[in-house]
Amino acid sequence: MITKIGLEGQWRLRLDPEKTGNEGSPFDDTITLPGTTSHAGKGPANEEALAGSLTDSFKFEGYAWFSREVDITAEQAGWNAMLYLERTRITTVWIDGEEIGTRNSLCTPHVYKLGKLLTEGKHRVTIRVDNTSYPTKGGHMTSADTQTNWNGITGRLELQFAGDAYLDDVQVYPDAVNRTFTVRAKVAGVPQGTLSVTATAASREHAGVRFGDASISVEESFAVSGSELEVTYALGADAQLWSDASPKLYELKLRLVSDGGALLDERNIVAGLRDFRADGDKFTINGAKTFLRGKHDGLIFPLTGYAPTTLEEWLRILGISKSYGINHYRFHTCCPPEAAFEAADMLGIYMEPELPFWGTITEEGDEKHNEAEQQYLIREGFEILRSFGNHPSFVMMSLGNELWGSKSRIAEIMRGYKAYDSRPLYTQGSNNFQFVPVILEEDDFYCGVRFSRDRLFRGSYAMCDAPLGHIQTDKPSTMKDYDEQIVPSGLGGDGGTDGGGELQIQYGTEAITVKAEAASELIPSIPVVSHEIGQFGMYPNYAEIEKYDGPLKARNFELFRERLELKGMGHLADKFFQSSGKLAVECYKEELEAAFRTRQLAGFQLLDLQDFSGQGTALVGVLDAFMDSKGLVEPEEWRTYCSDAVLLARFESYVWVSGDTFRASAELVWFRPEALGAVEAQWELLLSGEVIAEGGLSAAAEEGSPYVDLGAFEAVLPSLDAASQLELRLWIEGTDVRKSYALWVFPHVDSGSELGGLHVFDELTDEAASLLEKGENVVLFAKPDALAASIEGTYCTDFWNYPMFRSISESMNKPVPVGTMGLLIDNEHPALQGFPSDTYSTFPWWSIVSRSRSLVLDDLPRELSPIVATIDNVERNHKLGLLFECRALHGKLLICGAEAGGLAETPEGRQLLRSIAGYAKSDAFQPATEVELSALQGLFRA
């Protein structure tokens, strides 16, 4: 039986940044373990202020030496001892000055088998931790962008004692069809004996919620002989299965007994009966189709700088994600601690750890081949499988992120893992080979973003990976899906490259050149998961700064806030955050709905539900880095487009004209375990809260299909004299399944009649200046080629973040991103009286913004406040105006960054022209800010 001595508590500490010390050197400090040197505030303070990530205020790299004495009792002496370090870096261990060995796993516990070295009495344990000499870069296991390159020991820290006979490397293989667990283990020191197995309900409680609660089974005994055992334990036909919807757990109690009846060892393992499989274009759980609603995770923990190892904390984290409809986690180049898998077991989360690698897999003889690194990574994968494979939540495994190199070597590595452990499904990596993807015979599923240059199945992209996605370029609608991109009805011979050769690609925060073979057309026959979807950036919430009261400091936020204040816009910070965030939520809604509309897709992996602290500071989450809500969207609303049951409407446009016939169709995506028969849905169209049209839809669900076409519906829109917002609602009675969409209806406005009686120009001419000198009112709808200081108009918020992709695009000689983050609208200003708006970008602004440029107003008086401002990114930080007013000379000037002719092409544009014109003709046109004519002329080309 295993007994333990916990080694938590005070240890002596010596920091050795030059790595020159030895085990016998004196110690000059103390530290409490488990923990890290940074979290304990050890070492010199770091005065850096990083803009691209959080700053570790006690960053330390080098050797950290830890030492303490431990008392071994007479009962423990002579037993087989093991030193167990749950999570750390590269360790070397000494016992009483004798070096025991070195371990270097980044993802799994370090276990030192000490044999019977520990005799009765005091012994000195010394551990050296090195966070500099890694066999591989380590991905997000060591990245300053995520959990930091910390030094220390976290989680369980203990001495374990076993007798001469004990179980080792116990692995449990579930068979949901036959309701059995097969147990395989190594047996130390017992030529003969008996293994008894009992399965009981592994119910646990947390915060008043009961988890598990499976049925109870009987005890079975099996004869044991030799150094290995394999037994199959039957739970019976009534045994309950594990899934995301019903995570039933069993606690297997294994008792190793000698022929004489002595208890030699006892192990308790929590397991779940489940079969997670790839079946055609979908995943199945216990034979039923399921859909992965995933999120990316890079182990971001801003209060500590390292991943937690407590069940309570992981239940909190995964529970928050579950409340937003998430049932899947992909760990980007990292593997979480044991407690994460335990929490996922309890909550029903499908977990996908990934090898800590983001690079190129090569073969011997290739340039820059590093066999030692490759062998290390292969071993790391086997250790991950050994350490965490018993968890029912561990259903998938990836070889790394955006890998390049030898396909045959990647396939060989996968074959090795699959031969060793059949429990998870495997993929070659996440978004491997990017523009020239390949599906390998060994792949159980495929994770990527495109099958060729134009066969995209994600809604947004960086400029360096153009073409951009439909959310960034297309007129907003709810018609888009990716079925044709995944399985084309007719192939046009696009191989995805220009015949192979070298290809320049984005790689992390840089650009590299790789060798690319010409790809043949890929028609997947395995499940396809869309990689890192979303990435819709938003402005910082500077109120978060005070939350960083651990070793990591948000000096990047402080720097961004200082830049904004220097531009005289500090008072707008919260409005920038709110408006950019609301637009990002709308973009995420379309991104998620497009995935659910795609019937050839097996799931998605968001980037992200939460903010990403590094790589330029990517604030892409509706939750902040602490997993706290930003207040932009409630989880109940988010689940209407991210859940196991999603109701969808398809229609061509969000913008309509008075008297039009609104036409739409509805469909239901249903991945709940309850079988569907006849489905009945209701719909209604509301104006100012009053129902103006309604109806019912019904259809019979096809057996085995999660998709139900509910049919078409239509409504004649009312004749309106004013622009109005409608709401389309759909729901299924008796369920929580619902959906709502905002629609806009504009009255008929004759083109060309809006601006009559005004002095209208498309650039600041001498004639316009003369009119201002005379005290006249002038309206200027700027033509793009006349503007000198301006930014291209784009509706969608920035992808990931501007600093990172601006730098990458420049290094690749490609166009840089636009980099803006939507509009901040003074929706109570009389210039917009006839154009009802929210304070942020909504769909009627799409055609307007797409035909515009925003003027850079940095050199104009600080007090000038645009009526419609464009929110710039934190690096460039321009004051941008799409619509603004001022006094110049003796007259009044209203400037719009869009041409009148372009606006007149759409009903919403004509309505905006009408509203602006009405204001310019009214007594309300009284701009407060005086601007020198020369400053205004600087906005235009000479």
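1. Gly6 stands opposite Glu158 in strand β12. Strand β1 (residues 3-6) runs antiparallel to β12, and four bridges join them. Strands here are DSSP runs of E of at least two residues, and helices are runs of H or I of at least four residues, numbered from the N terminus; two strands pair if DSSP finds at least two bridges between them.

2. The model is predicted: local features need pLDDT of at least 70, side-chain atom pairs count only at pLDDT 80 or more, and totals for chains, interfaces and linings use all residues. Residues are numbered from 1 along each chain as its sequence is written, and side-chain values use heavy atoms, with hydrogens and water left out.

3. Glu158 is also the bridge partner of Tyr84. Strand β7 (residues 80-87) is joined to β12 by seven bridges, in the antiparallel sense. Strand β4 (residues 35-36) pairs with β12 antiparallel as well, over two bridges, with Gly35 opposite Ile153.

4. Strand β12 (residues 152-162) is largely enclosed by the rest of the structure, because ten of its eleven residues are buried. Buried means under 20% relative accessible area, exposed over 50% and partly exposed in between (1.4 Å probe, protein chains only).

5. The largest nonpolar core has 213 residues, of which Trp314, Trp638, Leu710, Leu728 and Trp845 touch the most other members. Helix α8 (residues 573-597) gives the most to this core, with twelve residues. Apart from this core lies another, of 27 residues, including Ala165, Val187, Ala271 and Leu273. Such a core is a set of buried Ala, Val, Leu, Ile, Met, Phe, Trp, Tyr and Cys residues joined through side-chain atoms within 4.5 Å.

6. Beyond its neighbours within four places in sequence, Leu728 is in contact with residues including Phe651, Phe662, Trp683, Phe713 and Tyr741; contact means heavy atoms within 4.5 Å. Phe651, Phe662, Trp683, Phe713 and Tyr741 are also among the members of a cluster linked by ring pairs.

7. The whole structure holds 47 aromatic pairs. Rings of Phe, Tyr and Trp (its six-membered ring) pair if their centres lie within 6.5 Å; planes under 30 degrees apart count as stacked, over 60 as edge-to-face and the rest as tilted. Phe181 and Tyr250 form an edge-to-face pair, 6.4 Å centre to centre with 75° between the planes. This pair links distant parts of the chain, with Phe181 in strand β14 (residues 180-188) and Tyr250 in strand β20 (residues 250-258), 69 residues apart. Both Phe181 and Tyr250 are buried.
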